[in-house]
Amino acid sequence: MKITSATDVVIERDGLGSDGAFGIVFNAKMAKILSDGLYSDKIQSIIRELSCNAVDSHVEAGKGDEPIEVHLPTVFEPVFYVRDFGVGLDHEQVIKIYTVYGASTKTNSNEFIGQLGLGSKSPFSYVDAFDVVAVKAGVKRTYSMYRNEQGMPSVALMGESKTTEPNGVCVKMPVKREDMNRFAEKASKVSRWFAVQPRVIGPNDFAVV
């Protein structure tokens, strides 16, 4: 989403003895606030944020009428993931997007849903580590996103290989057994917001409500 900023505002400052800009100290506490403290309903927020990013990728790739893929956790496969088949990400893009809060590739167009670069980090509100598989231009890279010993979000490239898979990104995270039904419930609510319904893998009784 395109952000409008008022850069032409004139502020009268006659009589002021000093002038300074605000700053921010980015540490483990601030990272936790930005990844965790923003969400009152963590599960629904994760599903919404990751799904919106996936939809935006499809729009950017000219595939807005194609569904993204959502996997709901089951006893035999207790993971949640969202996968898109959009523009994909190369190594430099992954590092920039996942290590910089506020970094976004979607601030210059109203065609996209996201804008602040916070949604990609939303899984940190539920887990201390999750995986990202990014495919672009015939190269598949797998990353681990994790909180290090100091509690700071970190990125590790786990593997890289050539592939014939289409461009896209898959964000995958483990789910606690007691939360599996909640993921299905929240996903059904989030899905109704999208014009193109996602292709859901998982519980057979999933339904958009």
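Two aromatic rings count as a pair here if their centres lie within 6.5 Å. Keep that cut-off in mind, and remember that you are looking at a predicted model.

**Stop 1: the ring cluster.** Select F80, Y126 and F183: ring pairs link these residues into a cluster. A search of the whole structure turns up four aromatic pairs. Zoom in on F80 and F183, whose ring centres are 5.3 Å apart with planes at 45 degrees, so this pair is tilted. F80 belongs to strand 2 and F183 to helix 4 (residues 180-191), so the pair ties together parts that are 103 residues apart in sequence.

**Stop 2: another ring pair.** Next, pick F124 and F130. Their ring centres are 5.0 Å apart and the planes meet at 70 degrees, so call this one edge-to-face. Both F124 and F130 are buried.

Stop 3: Seven of them make an open sheet, in the order 5-4-3-6-2-1-7, with mixed pairing. From one strand to the next, the twist averages 15 degrees.

For a close-up, select residues 69-71 (strand 1) and 79-83 (strand 2). These strands pair in the antiparallel sense over three bridges. Which residue of strand 2 is the bridge partner of V70? Click on V82 and you have it.

**Stop 4: helix 2.** Colour residues 42-60. This is helix 2, and it lies across strand 1, strand 2 and strand 6 (168-174), running at about 25 degrees to strand 2.

**Stop 5: helix 3.** Finally, select residues 91-99 and show the side chains. The buried residues of this helix are V94, I97 and Y98. Look down the axis of helix 3: those buried residues fall within an arc of 85 degrees, so they line one face of the helix. An α-helix has 3.6 residues a turn, so residues three or four places apart point the same way. What covers the buried residues of helix 3? Show strand 3 (129-136), strand 4 (139-147), strand 5 and strand 6, which are among the elements that do.

Conventions:
Residues numbered from 1 in each chain as written. Predicted model: local features only at pLDDT ≥ 70, side-chain atom pairs only at ≥ 80, totals over all residues. Heavy atoms only, no water. Pairing = 2+ DSSP bridges. Helix = DSSP H or I, 4+ residues; strand = E, 2+ residues; numbered from the N terminus. Axes fitted to C-alpha atoms, helices over the stretch in contact; angles between N-to-C directions. Contact = heavy atoms within 4.5 Å. Phe/Tyr/Trp six-rings, centres within 6.5 Å; stacked < 30°, edge-to-face > 60°. Buried < 20%, exposed > 50% of the residue type's maximum accessible area, 1.4 Å probe, protein only. Arc of directions from axis to C-beta.
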